[in-house]
Amino acid sequence: AHYHGPSGGAAHTFARQLTSRLLACASSGSEADARAVLECVWTRMHMLTQQGSTDGAALSGMVAAVESTCYRFTAQDVAQADALLAHGVAGHTLVVVRAVLESRLGERLVAAGALDGAAAQQSGPQELWNAVAQLTSPCGTLPSLADDEVRAYEHVLEASLLAFDEACGEHVMRLSLYAAALSSMLLGRAEPRVTDAMAAHIRGAQAYRLRGVTQTCLRVLAAQAAFFGSGAVRASATTLATAFVTAPAQCLVDALPQEGDAAADERALLDPAADALLAAERPWSGVHVQSRAHALFGSLATTGDALSARSVRVARNVAVVLTRMATTGDASLAALVVGMLCAPRFAQPPELLALTLQCAAEVAPLADRAVVGDVAAKTLKHVRAGSRAATAALEKLASGVAARGDAADALLAMVLRACVDASGTPSSLDVYLPVLCVLADACSSGESGESVELWRAFWFHVVARGYVQQEAGAHAGAFARLAARAPLLVHASSVNYLESELASSSVVQRDVRSDDDAALGRLRAALLRLLPASAQPLGRSLGAAQTVFLLAVHAVESMRAAGGGGGCAAMLGYFGNAAVASSALLPALEAIAERVVAAYVRATTTRRVAVDHAAAAEAGRVARHVRELLVASCHHLQLVSRWAQRFADSVLQAFPQALLDSTVVATLLELVQLVWKGWRAAQDDQFAAQYWFTSHTLGVTLQLPDSVTYRETLFAQMSAAARRWLALAGRSAPMELETLLQAYLAQPSDDDLGCEPHVGHALALEAANQLRYGAPLAGTEALANASAFAFRRGQRDFLRGHIGRGTDVAALKRDLAAVYRAAAGAAEADEPPCGPLGDVRTVVERLHHATHYVVAARSVDRELVRLIAWVPLAMFDERVVRAATHMWTTLL
């Protein structure tokens, strides 16, 4: 009753909300309910339409609700929508008519098998038009219609065409064109008057001022070409779209930009024109699309003076349309379009340079690798000439190629060469560094000979020129990103003669001339600041190439370590290189290694991360870096092993919490076990040496040399280091380490079914026995932790086994809740109230049981967690709180 009552001040809000809810109920209810609701809505809309503009707000609210509903309208709703037009053609009525007709068209396309039912049910107006424009087979013959529905569509068609011809405003013209096109599709016949009306507008003087109508005309052309499929309709679409591109109205020539990148208005008009051309060719093979592209390109040869405004406009139109067609086609079409864009017809007028470079960069990633290389070479040529448009095109090309590994590697090599060859002012870095960062993030950090040579030349260039500054600089962030992806600056195949190899660098010879004493003095001074006193004589005797190499290694590895993502383990690769190990530069590299690990420690211990997902990611990175160092500590090369142990020792001395990770603890102890197996195998299998030892628990395989002495020494070093590092972590957080050791010991071993001695388990028990809680009493030593650890370990195993046989969770919650109520409401007493459980020991046992149940369960029982947290605090007894801290640590 209120819905049909007179409209008041808030009638539009009420009408919109009520209509939305009614239509939502109708969509999920029975057909009779839906019809009743729709009749109510139609009656209200007829009444508001008859009242005129005084209640336009109320009507607009209902129209918006009708337009946004997913309800599928019927033939009766078509008659109601047609009746609305009898009160006058206006924006409100046309919106409703379009919604009803789109619903009917989608339903009929689903019935004909041209569209998927679920997709049509969820699609909006724009999605439906896009789906119709991309139909692969004509749908001109839909199921037959009733006579009254045919008459309604014909009336809508006439009224819509009349409204479009009267030009009652852009909004009404667009809606009337949509309604006319929908009516012709539902009637199953292509109406020539619709095409004529669109042609008159596209070629008229209002094509740019009413560019929304122009865009709608082109979109309707694409939909009609795909829907009807007849030769006449497709020919009309092709003719109109081609004429719009190659013979634009004068208003478009005067209004749209004639130079620079393609503007939004330009793309908004030309992309639908390209879609119309594609829709007219879609059912045929790709050869027809390529023929259409050739026809568009051929139209440029008859445009007259290449510098006239009209011919530039046509060339821009063709370039944008070809780009749109190529981005929806295959690799062969993309290669064809790139060849056209690089032709002299586009390259000669300077006004087209920016657009052609942009379009070629957009299309090239879809073609093969050779095409990408050609476009990159042309773009880099203009970049070297100082073209800003070429710089933007190079960035676009890099972004598009980043998803392709093969092309990205090739483009990265070209840009690295161009950056090194530029050898100009630091302003050239503004051009190349953003592109290099995009490509480096997408490429694999391969260590092929060519890749190492290019990266080394790049870093030699920026170091010799003084562009790299560790503490500050405009390009510090870009250099850090590149350092994280850069390979080692030595060839993996190098065996010796490193100094001679470095001295032959053409980049150093160019950037640091032999007669430039000032440049060499500046580089040596920078290197001497990095070296200790013992290595100073070596630093003064080095040549320019060796000095630049050491500075480059320090710059790359320090930024890699300080950035947080790469860690400091990459520096160990230099000690594993045979050429470096036999070089006179080794002492200087060892001094640089000390600075690299110091930079990593400084960055790790001072970085502040919010307590959120970023904190978990940061902790995971640190744990991964420590695991890498631990594995490298067992390297078969003594130099690598020694420096890896020094790196790990420096990190854990400054940041012992890095060991408080289950994977790190397991890695350390299992590595000691592997090294022990290697030492034992060297003694047992003296005549059949074994070099490879695998831990299936870790997924790690160690290679050990055929030297009993080295294996024995390595086991002694790793055992001592493990004891030292576990003691550090135990002093920092004994409770957390105890929990991690219990979890490690509970895991099954992959060695001899657990029946043989396990050095890792023995070290875990030894470290657990050394844990200390609190300070010892005066005059006494702290007691060993073995008894408490053994009890908690046995309790853990017992409760986990008990939980496996079934646990009455409801009883646990009931008992602990009773204890909480008793403790929270009691006064202070010598013994805390324990409720129905009777004594403190029983309460603690129940809390332990609840803790291990939460850990073992598949999902978290939040109610039980709250009881585990609050029962000890409510009791506020020292014994209970001490036990509770162990439980809380186990949960965490």
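D861 is located in the loop that links α42 (840–856) to α43 (862–875). The structure described here is a predicted model, and the protein contains 44 helices and two strands.

**The protein as a whole**

- Of the 892 residues in the protein, 50% are buried, while the accessible surface comes to about 39400 Å², with carbon and sulfur atoms accounting for 54% of that surface.
- When contacts between residues at least 6 apart in sequence are considered, 74% of them join residues that are at least 24 apart.

- Once the neighbours within four places in sequence are left aside, the residues in contact with D861 are V809 and K813.

**Loop residue L489**

- L489 lies in the loop between α25 (476–485) and α26 (498–503), and with a relative accessible area of 0% this residue is buried.
- Leaving aside neighbours within four places in sequence, L489 is in contact with V452, W455, R456 and W459, with F549, A552, V553 and V556, and with Y574.

**Packing of α10 against α11**

- Helix α10 (residues 192–202) packs with helix α11 (residues 211–228) at an angle of about 140°, and the axes of the two helices are 10 Å apart.
- The crossing in which α10 passes α11 is left-handed.
- On the α10 side the contact is made by V194, T195, M198, H201 and I202, and on the α11 side by V213, T214, C217, L218, V220, L221 and Q224.
- By class, the residues of this contact between α10 and α11 comprise eight nonpolar and four polar residues, with no charged residue among them.

**Cysteines**

- A search covering the whole structure finds zero disulfides.
- C437 is buried, since its relative accessible area of 4% falls under the 20% cut-off.
- C568 likewise counts as buried, because its relative accessibility is 2% and the cut-off is under 20%.

Key
Residues are numbered from 1 along each chain as its sequence is written. This is a predicted model: local features need pLDDT of at least 70, side-chain atom pairs count only at pLDDT 80 or more; totals for chains, interfaces and linings use all residues. Side-chain values use heavy atoms; hydrogens and water are left out. Helices (H or I, at least four residues) and strands (E, at least two) are DSSP runs, numbered from the N terminus. Contact means heavy atoms within 4.5 Å. Buried means under 20% relative accessible area, exposed over 50%, partly exposed in between (1.4 Å probe, protein chains only). Accessible areas come from the Shrake-Rupley method with a 1.4 Å probe; for residues, only the protein chains shown count as cover. Axes are lines fitted to C-alpha atoms, for helices over the stretch in contact, and angles run from 0 to 180 degrees between N-to-C directions. A crossing is left-handed if the near helix is turned anticlockwise from the far one by less than a right angle, and right-handed if clockwise. Ala, Val, Leu, Ile, Met, Phe, Trp, Tyr, Cys and Pro count as nonpolar, Asp, Glu, Lys and Arg as charged, and the others, Gly among them, as polar. A disulfide is a pair of cysteine sulfur atoms within 2.5 Å.
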